[in-house]
Amino acid sequence: MAESGVNPTAAALLGLLHEGPMTGGQLMAAAERRLAPYWSMTRSQVYRELPVLAERGLVRLGKPGPRMSQPYAITASGKRTFSRWLAESPGRDTIRNPIALRIAFGELHSASQLKNLYASANEYHTEALAHVREQVKNAKKEGDTYDASALEFAVAYHKAALSWLKTAPVG
C-alpha cells in the first residue's frame, strides 16, 4: 500500500466524492461515466472499499435513503489522504489485455476462432473509440481540460489496439 494508505480504487472513490455525497450505486455510475475509458472498477470493489474508508474516517455515512441506500461524503481527513495520494508516485502500469493473452496462445486456436476473436476485438475497439471521442468532445466543451486529457489516453489506446489488430497473425 502507498504512503497515503489507500489503494487506487479507494483513491478514485475519494476523488469522485469531491463532487459531493453519493451512494455506492451513484459512485459506481460516476466511475463508469468518468473513469471507465481508462480505469476499471467493479461494483464489488466499490462496496468493499466504502466501509473501510468509513472505518478509517475518510468518509462519513449520511442518512439512509430509499432501499436502505446510504450516501457517503468525504471528510477533511479523506481530502488530506487524497491529496497525499495525488502527490505519490503512480507506480508502474499494469497491462491486462484479454485479446493479447489469447493471441499469445494463437497456435492453439483454430483459424475460425482467431477470425472471430479479431472481429469482436475490432468491433469493440471501434465502438469504444467512437464513444470516448464523444466524451473528449463533451469534456472540452465543458472546459474540463484535465478530464479531456485523461480521456485522450483512452482514444490513443483504442487507436493503438486497432492498429495492432491489423498486424496480428491470422494463422
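Buried area is taken here as the accessible area, for a 1.4 Å probe, that two parts lose on being put together, summed over both. In the predicted model, the protein is divided into domain 1, spanning residues 8-87, and domain 2, spanning residues 98-167, and the C-alpha centres of domain 1 and domain 2 lie 27 Å apart. Between them, domain 1 and domain 2 bury about 460 Å², of which 54% falls on carbon and sulfur atoms. On the side of domain 1, Arg 34, Pro 37 and Tyr 38 supply 91% of the area buried against domain 2, which is more than any other three residues contribute.

The contacts across this interface involve four residues of domain 1 and seven residues of domain 2. With regard to polar interactions, the count of salt bridges between domain 1 and domain 2 is zero, whereas one residue pair, with both members at pLDDT 80 or more, is found in polar contact across the interface. When the residues are sorted by class, the side of domain 1 that touches domain 2 comprises two nonpolar and two charged residues, with no polar residue.

Gln 135 was examined individually. Gln 135 lies in helix H6, which runs over residues 111-141, and, leaving aside residues up to four places away in sequence, Gln 135 touches Arg 33, Pro 37 and Leu 151. Because its relative accessibility is 13%, and buried means under 20%, Gln 135 counts as buried. Pro 37, one of the residues touched by Gln 135, is also among the three that supply 91% of the area that domain 1 buries against domain 2.

How values were computed:
Residues are numbered from 1 along each chain as its sequence is written. This is a predicted model: local features need pLDDT of at least 70, side-chain atom pairs count only at pLDDT 80 or more; totals for chains, interfaces and linings use all residues. Side-chain values use heavy atoms; hydrogens and water are left out. Domain bounds come from an automatic or database domain assignment. Contact means heavy atoms within 4.5 Å. A salt bridge is a side-chain nitrogen of Lys or Arg within 4 Å of a carboxyl oxygen of Asp or Glu. A polar contact is a pair of N or O atoms within 3.5 Å; within protein, one must be able to donate a hydrogen and the other to accept it, and residues adjacent in sequence count only if both atoms are side-chain atoms. Ala, Val, Leu, Ile, Met, Phe, Trp, Tyr, Cys and Pro count as nonpolar, Asp, Glu, Lys and Arg as charged, and the others, Gly among them, as polar. Helices (H or I, at least four residues) and strands (E, at least two) are DSSP runs, numbered from the N terminus. Buried means under 20% relative accessible area, exposed over 50%, partly exposed in between (1.4 Å probe, protein chains only).
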